Each structure stands twice: as C-alpha cells, then as structure tokens.
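Subject: Structure for you to look at

Dear colleague,

I am passing on the structure we spoke of, with notes on what was found in it. Please have it open while you read.

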Amino acid sequence: MNWPYPPRVAHRGAGKLAPENTLAAMRLGASFGYSMFEFDVKLSGDGVLLLMHDATLDRTTDGTGRVAGFAFGELARLDAGGWHSAEYAGEPIPTLAQVARWLLRTGRMANIEIKPCPGREAETGAAAALEARQLWQGTAVPPILSSFSEAALDAARRVAPELPRALLVGELPGDWLQRCLALDCVALDAHHAALTEAVIADAHRAGLRAIAYTVNEPARADELFGWGLDTLITDAVDLIAP
Ligand code: G3P
Ligand code: MG
C-alpha cells in the first residue's frame, strides 16, 4: 500500500518514560516530536474498548484481577499512573474513543494493537475494527490494526476489510508470508531480532511493508533502515528522534 505512516512510532505512548497506554504518555511522546503511537486495546467485561497491555490489572493499575472481570465504570475509577511515578498518580485508563479524539484533533496517527483477553480474540478483533472504522471515518490516514492473534485479525478483516492490518510475530514462523497474505495484511510486524535484510526484501517483493518492534538502540535502528525497514516502534523516544 501507499505508506502514509512515519518511520518511527512511539511504543505504548512514550515507552517507559510515562505510564504505558495512557493519554499522558502520548502527550509526552508527542512532546518529543512523535506523530504516531502504538497502544494495546482490549475489552472490559461490559464490552468497552480500553487501553491496557496485560490481561490483569495488577502491574499497571492499583486494582487487581482480570480486566475482563470488571465493567468499564469500575475500571475508570482505577489509578493507571501511580505505579509508574508520583507525577502520574491519578492518570486514568483511557478508552479507545478518548485516545482517538486526541489523536484526530492533534493530527496524529495510530497503531492499534488488538490485545485480546484470553478467549475473546474474535470478539475483540471485530469490536476494535468496527469502532476504529467509526472513529476514523472520513479521515485521511486510517489506523493500522495489528495483533499477534490471527483470530482477532481475521475478525477485523471480516467486519472492516478496508482498515490496514499487520501480523505481529515474535519469532518468524516458516510460513509468515502465507499467514500475512491470508489475512490481507499490509505489513509484517516482527520483533526486530527476527528481521534480516532478506526477510524485509521478501516482504517487499510480496507487496508488504516491514515494521519492527521494539527497537531501542539507535545503531540497531540505523541497521534496520539500511535494510529497507519501513517503520519501527520504540520505547526510546528520548534517544531516537522521530
Ligand atoms: O505492537 C508491537 C509491540 O507492542 C508488541 O509487543 O508486548 O509490547 O505489546 P507488546
Ligand atoms: Mg503492544
């Protein structure tokens, strides 16, 4: 596809400099000049799409238990910033809709990683794609939907085929290309250690773009771009200029 996305994307907002997957993190990433943000999206117990990496609340909020075990009204009362530092205490868990509003009003772009709670893969993929379609309707640059879950990407493809998809992989499966093509993906989104110059060339020959996560060393970023990488995702928003 035509690639309107920047070469460098901020991971979870601003990497580790602010509480991941919050609006505060994205505002901080933006202050370093980043114009596109990767974040993790899943469903609350009552079907609200929100930003959270883990299936449980314990690491990144002052709550405990499974995200899917709570209605959003309960999750909205949690502190998703105090675990990181006092500066961010009280920062709430944002919804996908809230983040979309900020991104669209400020002219910034999104990589929505669909991160389903176990057993909710297709449901989450479909919900994320439908809501993204609605939120980004009529805008110039659609969000990229990525996931490690092929069931989630397949569900997204069925309900909103026009939204670009990327298959996330940690290690590269032997049939990565067939998997990407089966889901009509626009990109392979691989852990950077799985990428070689040959893999990037194979992706390009097949009409796919290549995205790498999570690249935090400037020298490694240079190497990957030298191999033709299209876009990387980084925590190091302070070390790697956007
Ligand atoms: O989307 C790329 C990257 O975020 C995937 O890994 O665990 O940081 O969500 P993770
Ligand atoms: Mg992620």
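This is a predicted model: local features need pLDDT of at least 70, side-chain atom pairs count only at pLDDT 80 or more; totals for chains, interfaces and linings use all residues.

From β1 the chain passes through helix α1 (residues 23–31) to reach β2, in a β-α-β crossover that is right-handed, a term meaning that, with the strands pointing away from the viewer, the path from the first strand over the helix to the second runs clockwise. Strand β1 is also joined by three bridges to strand β9 (residues 231–234), which runs parallel to it, and here Val9 stands opposite Ile233.

The protein chain has eight helices and nine strands, counted as DSSP runs (H or I of at least four residues for helices, E of at least two for strands) and numbered from the N terminus.

Ligand 1 is surrounded by residues that include His11, Arg12, Asp40, Lys115 and Ile233, each having a heavy atom within 4 Å of the ligand. Polar side-chain atoms of Glu38 and of His53 each lie 2.7 Å from an oxygen atom of ligand 1, while for Glu113 the distance from a side-chain N or O atom to a ligand oxygen is 2.8 Å. On its own, ligand 1 has 290 Å² of accessible area, of which the protein covers 90% (Shrake-Rupley method, 1.4 Å probe).

As for conventions, residues are numbered from 1 along each chain as its sequence is written, and chains are lettered from A and ligands numbered from 1 in the order in which they are written. Local features need pLDDT of at least 70 and side-chain atom pairs count only at pLDDT 80 or more, whereas totals for chains, interfaces and linings use all residues, and side-chain values use heavy atoms, with hydrogens and water left out.

Conventions:
Two strands pair if DSSP finds at least two bridges between them. A polar contact is a pair of N or O atoms within 3.5 Å; within protein, one must be able to donate a hydrogen and the other to accept it, and residues adjacent in sequence count only if both atoms are side-chain atoms.
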